Amino acid sequence: MNLQSTDFELFDVPLRFAQDRAQLDARWKQLQREVHPDRFAAEGAAAQRLAMQWSARINEAHQRLKDPQRRAAYLCELHGAPIEAESNTAMPAEFLMQQMELREQLDAAANASDLDEIGRSCLFVRRELLQKIEHQMDAEQDWRAAAQSVRALMFLDKLATGIERRHEKLESN
C-alpha cells in the first residue's frame, strides 16, 4: 500500500460499486488510528508530515468511497470511462423529460409540502438509478452505460440541492 494506491486498495475492499458503509467506516477509523501523527511524535517532523499526508489521503478516500455518486464516478474513471460531465451532457430523452417535469414542479412549488413531494419523487428516481448503476457496474461491467447513469445521478443530486435551498428560503421567511 502506498499513497498512490486506489481507494479500494487502501481500504482493502473489492473494486465494485456495492460497498458496506459500516465496513468502510470501521476501516477508516482503523487506518486513522494507524497513521495518527501523535504516534510518530518520537520519530521527528518528517515522520509526522508523512503521517499527516497519509491521514489526508485516507480521509479523501473515505469521502469518495462513502458517497455513491463520487464512488461511481471514480469507478468509471478507473475503468476508462470518465464522466466528463462538463463536455458530455447527452441523456436519454425519457430522463430529460422527467428532469424537466421535476424542475417545473420545483419552480412552481409554493410551500414546504410541495417541496417535500418533489423531494420524495427525486429520492425514488435516485434509488432506482443507484440500483441501475450497481447492476451496470457490478454485474454487467458496462462502464460507458454506467458513466451515463452517473451523469444522470449528478442531475438528480443538483435537483435535490435545489429543493434544499428552496426549503431553507421558505424557513428563513
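Arg64 is buried, with a relative accessible area of 17%; buried here stands for under 20% relative accessible area, exposed for over 50%, and partly exposed for what lies in between, using a 1.4 Å probe and protein chains only. Please keep in mind that the model is predicted: local features need pLDDT of at least 70, side-chain atom pairs count only at pLDDT 80 or more, and totals for chains, interfaces and linings use all residues. Residues are numbered from 1 along each chain as its sequence is written, and side-chain values use heavy atoms, with hydrogens and water left out.

**Overall build**

- The chain has seven helices and zero strands, where helices (H or I, at least four residues) and strands (E, at least two) are DSSP runs numbered from the N terminus.
- In sequence order, the pattern reads α-α-α-α-α-α-α.
- The chain is more spread out than a compact globule, because its radius of gyration of 20 Å is well over the 16 Å that the globule rule gives for 173 residues. For that comparison, the radius is taken over C-alpha atoms, and the rule is 2.2 Å times the number of residues to the power 0.38.
- Taken along the principal axes, the C-alpha atoms fill a box of roughly 60 × 45 × 30 Å.

**Burial, contacts and surface**

- Of the 173 residues in the chain, 38% are buried.
- If you take contacts (heavy atoms within 4.5 Å) between residues at least 6 apart in sequence, 68% join residues at least 24 apart.
- The chain exposes about 10500 Å², with carbon and sulfur atoms supplying 49% of it. Areas of this kind come from the Shrake-Rupley method with a 1.4 Å probe, and for residues only the protein chains shown count as cover.

- The chain has 23 positive and 29 negative side chains, and the centres of the two sets lie 4 Å apart. Lys and Arg count as positive and Asp and Glu as negative, while His and the chain ends are not counted; each charge is placed at NZ of Lys, CZ of Arg, CG of Asp or CD of Glu.
- Side chains of opposite charge can pair when their charged atoms come close.
- The count comes to six salt bridges, each being a side-chain nitrogen of Lys or Arg within 4 Å of a carboxyl oxygen of Asp or Glu.
- One of them joins the side chains of Arg57 and Asp7, at 2.8 Å from N to O. Arg57 lies in helix H3 (residues 45-66) and Asp7 in helix H1 (residues 7-11), so this pair ties together parts that are 50 residues apart in sequence. Both Arg57 and Asp7 are buried.
- Asp7 also meets Arg64 in a salt bridge, at 2.4 Å from N to O. That pair links distant parts of the chain, with Arg64 in helix H3 and Asp7 in helix H1, 57 residues apart.
- Arg64 forms a further salt bridge with Glu60, the closest N and O atoms being 3.8 Å apart. These two residues both lie in helix H3, four residues apart, or about one turn of the helix. Glu60 counts as partly exposed, at 39% relative accessibility.

**Arg71, a buried charge without a bridge**

- Arg71 is found in helix H4 (residues 68-78).
- Arg71 is buried yet has no salt bridge, and the nearest side chain of opposite charge, Asp67, is 7.1 Å away.
- Setting aside neighbours within four places in sequence, Arg71 is in contact with Phe8, Arg16, Phe17, Gln19, Arg64, Leu65 and Lys66.

**Gln32 in helix H2**

- Gln32 lies in helix H2 (residues 21-35) and is buried, with a relative accessible area of 13%.
- Beyond neighbours within four places in sequence, Gln32 is in contact with Ser55, Ile58 and Asn59.
- Gln32 and Ala51 are 19 residues apart along the chain, and their C-alpha atoms are separated by 9.4 Å.

**Positive phi in the loops**

- Asp12 has a positive phi of about 55 degrees although it is not a glycine. Asp12 lies in the loop between H1 and H2 and is exposed, with a relative accessible area of 60%.
- Glu84, also not a glycine, has a positive phi of about 50 degrees. The loop between H4 and helix H5 (93-108) holds Glu84, which counts as partly exposed at 43% relative accessibility.
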